[in-house]
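Subject: Model handover

Hello,

Here is the structure for your files. Please look it over, then read the notes below.

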Amino acid sequence: MRKENWMLWLLLIVSVSHLSAQEKNDPVGYVDPLIGTAHCRWFHFAPGASPFGMAKPGPSTNGHYGNPSGWEAVGYDYRHTSIEGFPNFHEFQVGGVVLMPAKGRLVTVPGNLEDSLSGYRSAFDRAQETATAGYYSVLLKRYGIKAELTSTKRVAFQRFTFPAGSDSHILFDIGNKQGESGEVKDAHVYMSADGRIEGYVITLPAYVQKYQQGAEVAMYFSAVVDKKPSSFGTFRGETQTAGAADIRGKGAGLYLTFATKDQEAVTVRIGLSYTSVENARLNMQREAAVMNFDQARQQSHRQWNEYLGRITVSGGTRADRTKFYTGLYHAVLGRGLASDVNGAYPKNTGGNGQIPLNKAGVPVHNHYNTDAVWGAFWNLTPLWALAYPEYYSDFVSSQLLVYNDAGWLGDGIASSKYVSGVGTNFVSLVMAGAYNYGIRDFDVAKAYAASLKNEIGYENRPEGAGKDDVARFRKYGYVDHIDPKPGEWAFSGSHTLEYSFSAYAVAQWAKALGKTGDYNTLLKLSKGWEKIFDPATRYMRPRYADGRFVDNFKPAEPWRGFQEGNAGQYTFYVPHDPEGLVSKIGKAEFNKRLDSIFTAAQKTTFGGGNTIDAFSGLSAPYNHGNQPCLQMPWMFNYSGKPQLTQKWVRAICNEFYGTEGVHGYGYGQDEDQGQLGAWFVMSAMGLFDVQGGAAAKPVMQIASSLFDKVEIKLNKKYYRGNTIEIVARNNSAENVYLHQPTFNGKKLPQNSISFEQLTKGGKLEYELSDKPAAY
């Protein structure tokens with residue numbers, strides 16, 4: 001070989017090695033927040049956010065429309081072509097504090113989605129839009145203004161680069177409803193003597209009104225603009241008052257007008273809080289007193305790389321890595337901060353509470369908002385346990401604040417107010433899971449007491465605590481079915497299965513704590529699923545109080561006894577006793593039925609096909625776009641057919657999940673604050689806990705990783721090991737079947753490993769082949 005060819009060859013090797021090192025150290029480069037943004041939930045697209053942050057700036061295409069029921073898709077839709085503003089709060093049932101730059105004649109209403117020239121909205125081109133973890137930019141074509149977003153934990157940064165002119169504006173649209181936040185009750189925005197723009201908006205989210213009627217969600221802000229305006233004024237709708245600096249009430253807004261040079265940037269820093277304007281100021285003072293936009297962006301980039309870089313994947317396709325890190329991004333984006341730097345937090349019962357401070361004056365934990373944890377135990381909490389145990393611990397302590405204030409756990413909370421959402425309550429299982437995973441640096445006694453009350457308590461139980469039929473569950477050992485009147489819920493079957501599962505989890509905790517009486521009570525309740533199993537049809541079938549199974553039974557019929565699903569799907573909802581379920585159905589029938597379910601479901605992309613609707617798969621044999629089904633492909637590991645778990649998990653990863661705006665999480669499916677993304681992350685690594693931490697000694701099921709190598713950094717505060725390394729040899733699209741798994745050189749007798757053993761650290765290795773192993 002000629003010398004110059006050798007040199008080219010060496011340069012190529014060095015370049016490839018350098019590129020690989022760059023990609024390994026910069027997982028943010030794989031994140032695409034635009035994935036799955038057609039028909040997405042309000043929280044889903046907030047690319048300017050920091051990990052688990054309070055400040056979540058992002059663009060909105062239709063946020064001011066709100067949504068009628070409080071949960072439907074609203075905010076940013078990949079199919080839309082104009083932007084109406086940039087809200088800074090994006091959380092379940094929480095949204096507001098909108099900024100919008102403009103130029104020319106002052107317009108102070110958002111306008112209609114159908115007409116990009118109406119109101120102050122502006123058209124944009126996808127080619128002039130950039131979105132990644134911690135940063136967003138877009139060119140607003142109508143005005144020639146470049147808008148950029150980033151943040152610290154509690155401070156949003158918005159930078160607008162204007163053309164030349166004396167008619168450049170920034171609007172603070174504070175008093176209009178936004179996203180899932182519901183109707184506005186009150187608002188206030190004013191310019192202080194030192195030029196700060198401050199105020200609040202108080203909203204009445206639909207789910208808060210449903211579960212805690214009369215409660216409200218308040219958002220406070222304190223903004224600093226780095227350029228003095230040439231004029232200013234207030235507005236309410238189309239009514240503008242030049243020179244006014246203070247306005248209150250629904251629809252309140254304030255505008256600033258600037259004389260700008262061509263390509264002059266104006267940056268707004270916005271301190272945010274759920275407790276007060278004073279704390280919004282304090283949050284900015286502590287986090288971003290002298291920070292500029294580029295410094296905040298760089299810090300956010302480093303933080304995202306640290307959080308995402310706790311799991312490093314090598315090999316697989318570029319698309320696989322994009323799905324992986326985007327899924328991990330969504331898992332870390334959701335359920336963000338609700339407490340201030342000084343530990344102040346909004347109480348469930350009204351007013352503000354105080355988290356204890358350590359000797360350094362720092363809060364001993366944080367408080368977080370959260371959508372319901374329905375299904376979180378099959379994706380989020382095992383992921384938290386592996387990669388973010390300190391967050392998991394904080395999350396438990398956060399939920400205990402609500403228990404302290406209100407006396408009951410809340411399955412979902414918006415600024416601490418109850419937003420149960422699904423009418424059940426799995427927080428006790430999440431707490432038990434933390435304990436079982438070995439995360440115990442929270443008030444264990446209080447957490448156990450709260451969890452026990454959640455499982456068996458019913459006297460004076462508020463609607464926001466969910467499980468309003470616990471008394472019936474305890475009386476009959478199952479929730480008796482009552483056919484509902486129009487508009488009512490009647491989820492006797494799914495509630496029986498869910499309560500059985502969570503009772504089992506808390507039973508294991510009771511046993512570990514030596515509470516034998518509680519253990520016996522809860523263990524008996526955990527067998528409730530057996531009472532609604534119909535041996536004639538071998539399906540879960542709701543029963544009336546007199547013991548009769550419901551008549552006119554149709555396994556594929558959704559909603560009748562089963563929430564957001566059907567009996568065919570929910571029959572496999574016995575994660576705490578999969579062997580018992582297999583025995584009742586019969587192993588051959590179990591495997592035949594479950595395999596045929598996935599064969600049929602594959603024809604509709606494992607959900608509702610290409611119908612863009614969160615509930616499109618409720619009548620399907622399997623619906624990956626919603627929570628009740630997510631353990632099903634892993635159930636073959638308990639029925640002697642683990643090769644089918646390997647086959648179908650890989651197929652779902654490849655086909656349900658996509659890499660673009662419409663086909664992202666299915667087609668516009670229900671990505672509840674990171675759950676579907678977290679499912680992909682766990683499954684792509686080839687690890688899954690069917691029991692979701694409920695077992696006294698949690699066990700991770702093993703399937704075939706999409707990647708040649710996975711490295712998980714362990715937190716030494718919680719685990720003995722430093723890293724977990726997963727090595728899949730002979731990996732390819734065809735080689736999906738697992739052979740000879742070992743951990744630290746020792747053969748694993750089954751395709752599973754205890755969580756305790758795994759987190760001691762070491763190497764999990766296996767061969768992959770296009771032929772199943774013999775079992």
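Over residues 30-273 the chain is 2% helix and 46% strand. The end C-alpha atoms of that stretch lie 31 Å apart. Helices (H or I, at least four residues) and strands (E, at least two) are DSSP runs, numbered from the N terminus. An unreviewed UniProt entry annotates residues 30-273 as "domain: Glycosyl hydrolase family 92 N-terminal". Such annotations use the numbering here, have shortened feature names, and may be inferred rather than shown by experiment.

Some ground rules. This is a predicted model: local features need pLDDT of at least 70, side-chain atom pairs count only at pLDDT 80 or more, and totals for chains, interfaces and linings use all residues. Residues are numbered from 1 along each chain as its sequence is written, and side-chain values use heavy atoms, with hydrogens and water left out.

Domains next. The assignment gives domain 1 (27-308), domain 2 (336-369 + 374-438) and domain 3 (468-574). These bounds come from an automatic or database domain assignment. The centres of domain 1 and domain 2, taken over C-alpha atoms, are 26 Å apart. Their contact (heavy atoms within 4.5 Å) takes 29 residues from domain 1 and 27 residues from domain 2.

The area buried between domain 1 and domain 2 is about 2,200 Å². Carbon and sulfur atoms give 58% of it. Buried area is the accessible area (1.4 Å probe) that two parts lose on being put together, summed over both. In domain 1, Phe52, Tyr211 and Gln212 lose the most area to domain 2, together 28% of what that side buries.

Between domain 1 and domain 2 there are 14 residue pairs in polar contact, both residues at pLDDT 80 or more. A polar contact is a pair of N or O atoms within 3.5 Å; within protein, one must be able to donate a hydrogen and the other to accept it, and residues adjacent in sequence count only if both atoms are side-chain atoms. Helix H3 (277-288) is among the elements on the domain 1 side. H3 gives the most to that side, with 5 residues.

Salt bridges (side-chain nitrogen of Lys or Arg within 4 Å of a carboxyl oxygen of Asp or Glu) number 0 between domain 1 and domain 2. The whole structure has 33.

Best wishes
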